[in-house]
Amino acid sequence: YNAEYGVVYHPPYHLRVLFCSTSLCSVLSKRKKTMPSQPIRLYTKGVVLGYRRSKHLQYPQWTLVRIEGVKEKNDTQFYLGKKVAWVYRAGKKNKDGSNIKVMWGKVATSHGNSGVVRCRFRHNLPPSAFGATIRVMMYPSNI
């Protein structure tokens, strides 16, 4: 019994065979787990590092993003093609009365070997977004 969720704990199969009586095992298998409903986050966080650049030039159409939990180049493969959103507060209000705005982009390719990705936004991100948190959406799925 798990006090946190109020559900029955199902021990691994080999423990059930050794320690459960047949009546107890039948009760455990019939009872369903009920987890409390929590909001599901459909994105992972990332940080804007800056523009792609060389020694003398920078390319503002390419934005470098470090995604939370991605440490290697192989890990970036999952995120290729995913949508990226920079949510920010603007001085001017929208038609619906909110001053929250979004700039959308897409993860294009990996950058280097340490898990950084290159993103292209519909409109280039302003330099005020450097260091800001962005959302890397879990869609569209390529699985």
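Reader: Which residues is Leu125 in contact with, leaving aside its neighbours within four places in sequence?

Author: Leaving those neighbours aside, Leu125 is in contact (heavy atoms within 4.5 Å) with Val48, Tyr51, Thr63, Trp86 and Met103. This is a predicted model, in which local features need pLDDT of at least 70 and side-chain atom pairs count only at 80 or more, whereas totals for chains, interfaces and linings use all residues. Residues are numbered from 1 along each chain as its sequence is written, and side-chain values use heavy atoms, with hydrogens and water left out.

Reader: OK, and which members of the largest nonpolar core touch the most others?

Author: That core (buried Ala, Val, Leu, Ile, Met, Phe, Trp, Tyr and Cys residues joined through side-chain atoms within 4.5 Å) has 17 residues, and Ile67, Trp86, Cys119 and Leu125 touch the most other members.

Reader: Which strands supply at least two residues each?

Author: Strand 2 (58–67), strand 3 (83–89), strand 4 (100–111), strand 5 (116–121) and strand 6 (133–137) each do so, strands being DSSP runs of E with at least two residues, numbered from the N terminus. Strand 5 gives the most, with three residues.

Reader: Switching to rings, how many aromatic pairs are there?

Author: The structure holds three, where a pair means Phe, Tyr or Trp rings (for Trp, the six-membered one) with centres within 6.5 Å, and planes under 30 degrees apart are stacked, over 60 edge-to-face and the rest tilted. One of them is Tyr51 with Phe130, an edge-to-face pair because the planes stand at 85°, with the ring centres 4.9 Å apart. Since Tyr51 lies in strand 1 (residues 43–53) and Phe130 in the loop between strand 5 and strand 6, the pair ties together parts that are 79 residues apart in sequence.

Reader: Are Tyr51 and Phe130 buried or partly exposed?

Author: Tyr51 counts as buried at 10% relative accessibility, while Phe130 is partly exposed at 32%; buried means under 20%, exposed over 50% and partly exposed in between, with a 1.4 Å probe and protein chains only.

Reader: And what about Phe78 and Tyr79?

Author: Their ring centres are 5.0 Å apart and their planes at 85°, so this pair is edge-to-face as well. Phe78 is partly exposed, at 33%, whereas Tyr79 is buried, at 12%.

Reader: Which charged end sits over the ring of Phe78?

Author: That of Lys82, which lies 4.5 Å from the ring centre; the cut-off is NZ of Lys or CZ of Arg within 6 Å of the centre and within 35 degrees of the ring normal. Elsewhere, Arg41 lies over the face of Tyr43, at 5.2 Å from the ring centre.

Definitions and conventions
Helices (H or I, at least four residues) and strands (E, at least two) are DSSP runs, numbered from the N terminus.
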